[in-house]
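Consider the protein shown below. The text starts with a term and then moves from the overall fold to one helix.

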Amino acid sequence: MAMCVSNRHQHQHQQQQMDNGKYVRYTPEQVEALERVYNECPKPSSLRRQQLIRECPILSNIEPKQIKVWFQNRR
């Protein structure tokens with residue numbers, strides 16, 4: 001499973017609204033990792049998203065719901 005990536009071209013300044021109304025700005029490295037996974041699978045399951053958090057250290061500080069919404073916004 002390749003995750004840490006080379007797609008810096010899009011969504012480097014992606015923002016996402018959390019339940020408390022604040023925005024989280026992803027780092028370029030996090031966006032790269034998410035873009036790489038998106039290119040492999042645009043609709044990852046809940047288990048796959050949890051696996052991403054466990055296996056890719058750069059994504060470990062992102063909540064599963066944030067990752068879910070990132071993929072929804074990306075589509």
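Two residues are in contact when they have heavy atoms within 4.5 Å. This is a predicted model, in which local features need pLDDT of at least 70 and side-chain atom pairs count only at pLDDT 80 or more, while totals for chains, interfaces and linings use all residues. Residues are numbered from 1 along each chain as its sequence is written, and side-chain values use heavy atoms, with hydrogens and water left out.

The protein has 3 helices and 2 strands, in the order β-β-α-α-α along the sequence. Helices (H or I, at least four residues) and strands (E, at least two) are DSSP runs, numbered from the N terminus. Among contacts with a separation of 6 or more, 66% join residues 24 or more positions apart.

Of the 75 residues, 37% are buried, that is, under 20% relative accessible area, against over 50% for exposed and in between for partly exposed (1.4 Å probe, protein chains only). A nonpolar core is a set of buried Ala, Val, Leu, Ile, Met, Phe, Trp, Tyr and Cys residues joined through side-chain atoms within 4.5 Å. The largest one holds 14 residues, of which Leu 34, Leu 59, Ile 67, Trp 70 and Phe 71 touch the most other members. Two or more residues each come from α1 (28-40), α2 (46-55) and α3 (64-74), with α1 giving the largest share, 5 residues.

In α2, Arg 48, Arg 49, Leu 52 and Ile 53 are buried. They lie on the same side of α2 because they cover an arc of only 145° around the axis, taken from the directions from the helix axis to the C-beta atoms. Their cover includes α1 and α3. The face turned away from this buried side carries the exposed residues Leu 47 and Arg 54.
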